[in-house]
Amino acid sequence: MELEAAMKKMEDTATGSWTQANNPICSTVKNSCHPNLKMFVAALSFAYFAKALSGSYMKSTITQLERRFDIPSYLIGIIDGSFEMGNLLVIAFVSYFGAKLHRPKIIAIGCILMSFGTFLIAMPHFIIGRYKIETSVRWSVNSTNNLSPCPASSESTRAGDRPSILPSRGCERDSSVSMWIYVFLGNVLRGIGETPVQPLGISYIDDYAQSENAALYIGCVQTISIIGPVFGYLLGSLCAKIYVDIGYVDMETVTITPGDARWVGAWWLGYLITGTITLMSAGPFWFLPKSLPMPVDKHDTSCTPEQTRFIKDSPTMEHKFRPEEPANLHQMAKEFVPTLRSLLGNPVYITFLCVTIIQFNSLIGMVTYKPKYIEQHYGQSTSKANFVMGMINIPAVALGMFSGGVVMKKFKLGIMGAAKFAFGTSLLGYFLSLFFFAMGCENTKVAGITVSYAGVEGLSYQEQSYFSDCNLSCLCSRREWDPVCGENGITYVSPCLAGCTSSSGSGRNTVFDNCRCVALVDTQPGNLTATLGQCPRRDSCDKIFPYFLALSVLSSFIISLGGTPGFMLLVRCIKPELKSLALGIYMLATRTLAGIPAPIYFGAIIDTTCLKWGNKMCGGRGACRIYNTSAYRIVYLGLTLGLRTVSFLLCISGFALLKRHIKREEKNAQTNGSAELESLRKEENSSIHCEQFIPALDCNSDRESHL
């Protein structure tokens, strides 16, 4: 009791002395948020929105890029991971040196780089040429109105198997330069520009906000960053409905619809929009100061022991303003390695980092390919898949993130409380996600791939199975993908492989007649027609989809509840002077070990479930046209939940380390109690002597302000 009384009296005396002597405006700072801090929070929220908008739009265009550049999913994963590669190049140095320089201006420079990278991603559209739809349909030589599904018998070889003797100039240009490289480099530049936004922005707020408000401010910023993807996916949904070469082609001649596996939307348009918004977000940071007044209550005794235990030994907290001293780069470089060693010696931080890396692998892989999963598994168009992500899933995540920050503020959760809350919500969301395995759809019936031409179900990976007696009279290509839906409900790879010999109508209204293969499983005798596009999914799959959406919303909300408490655990388990570096290492590790590899190996595993590959104009394998739905569901969900299972096992050891650390700190506090009491008494006596100089200092301050 004597120690506590002395400590309280000493803090009141010291705080009151400093406030009156050195900072006449501190009484207002203590009770309200500094106006520049409000501006910074607003500017950082807009920057978070802009980077989240462009990042989510990138993920919404994955299918479009895959089809436009004829590349497999694993290569799309490399493009998606290039953003993290850009972070990796500069994140450690930006986080460490940036914390000692002008943080708002560094964030502004980062926003400008992000916008330039976004514009670079859109550039291939303006230099690559028009999109050519892969099709086996050819115009008949003797007719200008009807399509000839079956190549003339004078052709000696199958069109798709015929070797190219002299490739065209367009083919040479397309094969010599891979246009997706520009998308890759643009995303790298986006990653470099995004680097300073989170570590410098969050540490700036935590340095200058009152302790009880820091979690709420960070929660608000994180919530805005979740709202960004809402508009990103909605923008992706809108652009996916617009044909890629809109304005340059007659849409009446386009024979495919947005639901077709070959459809490519106006992916480039969204990048121009998001790049402009990102450029605008850089403006406010140029007008913000390097430092702000520090709130007096940073050492308030109302903080719980768990909240203060990890931040009690920071000498810089004695100053309410950061000194505007010139940066000594040589001295900062010398201190970098010892500072890094001190940070990595914190077992709680290291355990938290490992758990986060594993969970981020699961999260990033799941989010990256979720729109594609909705398309392939439930037969939805790219536009609708993006709309679902933007209007249903993302708002649930935003609400969960914000609710988590409110819960932490209301119940004043300490480090252990935040850890338990984050673990509990994640575990509950994990159990709910297990029900996704039961919400499966059967494979689409495609003759020669998932069913035989007689209608018997069974997978086939051999291209020879595309041929049957009903289509041998036509020299059909087995490489192209131009699906038609027969009246019997079975999809055929092309009109030629359906055995069709004539057609009527034009454009999207084309109808193929006399399709001999349809007769093998004909539910309506005499009706041997087929229409463009794949057959729709079965009614049972359409009934499952709403339940999938409902469970997805619920699980996303519950898991995101622990997002803000988990992030505050990271901030509070380290010393204040190490916050920027710790956040930087945190971002470095998650990007290197999760953001880069997760989309790649998720994409590579998804590629193994492909049943039919497209072909590039100049030869070679292109994008996948149809997947094994059941295998896709198992590998996608199994990998996502399997990674989270491993992270939960690490959480158990993390709780043990955290408890042990808290007990050690309490024991050290008791051992050093008597020494601290003697020190406090000496400081109290010295502070009393100093108080007699305060009136004079106040007078000098008033006189200087009038001058």
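Modeller: A residue is called buried when its relative accessible area is under 20%, and exposed when that area is over 50%, with partly exposed in between. The model is a predicted one, and its chain averages a pLDDT of 76, with 75% of the residues scoring at least 70. Over residues 299–326 the pLDDT stays under 50, although the model has 51 contacts beyond four places in sequence for this stretch. Residues 686–707 are likewise below 50, and there the model has 11 contacts beyond near neighbours in sequence. Where pLDDT is low, the predicted coordinates should not be read in detail.

Turning to the cysteines, a pair is taken as a disulfide when the sulfur atoms lie within 2.5 Å, and by this rule the count comes to six disulfides. One of them joins C441 and C541, whose sulfur atoms are 2.0 Å apart; with 90° about the S-S bond, this link is right-handed. The pair links distant parts of the chain, 100 residues apart, since C441 sits in the loop between α16 (415–433) and β3 (484–486), whereas C541 belongs to helix α17 (residues 539–561).

Another disulfide is formed by C500 and C515, with 1.9 Å between the sulfur atoms, and its 100° about the S-S bond makes the link right-handed. Here both cysteines are in loops, C500 between β4 (491–492) and β5 (502–504) and C515 between β6 (511–513) and β7 (530–532), and they are 15 residues apart. Both C500 and C515 are buried.

The disulfide of C610 and C624 has its sulfur atoms 2.0 Å apart, and the torsion about its S-S bond is about 105°, so this disulfide is right-handed as well. Because C610 lies in strand β8 (residues 610–615) and C624 in strand β9 (residues 621–627), the pair ties together parts that are 14 residues apart in sequence. Relative accessibility is 7% for C610, which therefore counts as buried, and 6% for C624, which therefore counts as buried too.

For the surroundings, in soluble globular proteins nonpolar side chains tend to be buried together. In this model the largest nonpolar core has 60 residues, of which F285 and Y349 touch the most other members. Helix α19 (residues 579–595) gives the most to this core, with eight residues. Both domain 1 (33–136 + 177–293) and domain 2 (337–439 + 540–684) give residues to the core, so it lies between them. Leaving aside residues up to four places away in sequence, Y349 touches the cysteine C573 along with L343, L570, I574, A582, I585 and Y586. Apart from this core lies another, of 30 residues, which includes F69, I79, M179 and V264.

Key
Residues are numbered from 1 along each chain as its sequence is written. This is a predicted model: local features need pLDDT of at least 70, side-chain atom pairs count only at pLDDT 80 or more; totals for chains, interfaces and linings use all residues. Side-chain values use heavy atoms; hydrogens and water are left out. pLDDT is the predictor's confidence in each residue, from 0 to 100. Contact means heavy atoms within 4.5 Å. Helices (H or I, at least four residues) and strands (E, at least two) are DSSP runs, numbered from the N terminus. Buried means under 20% relative accessible area, exposed over 50%, partly exposed in between (1.4 Å probe, protein chains only). A nonpolar core is a set of buried Ala, Val, Leu, Ile, Met, Phe, Trp, Tyr and Cys residues joined through side-chain atoms within 4.5 Å. Domain bounds come from an automatic or database domain assignment.
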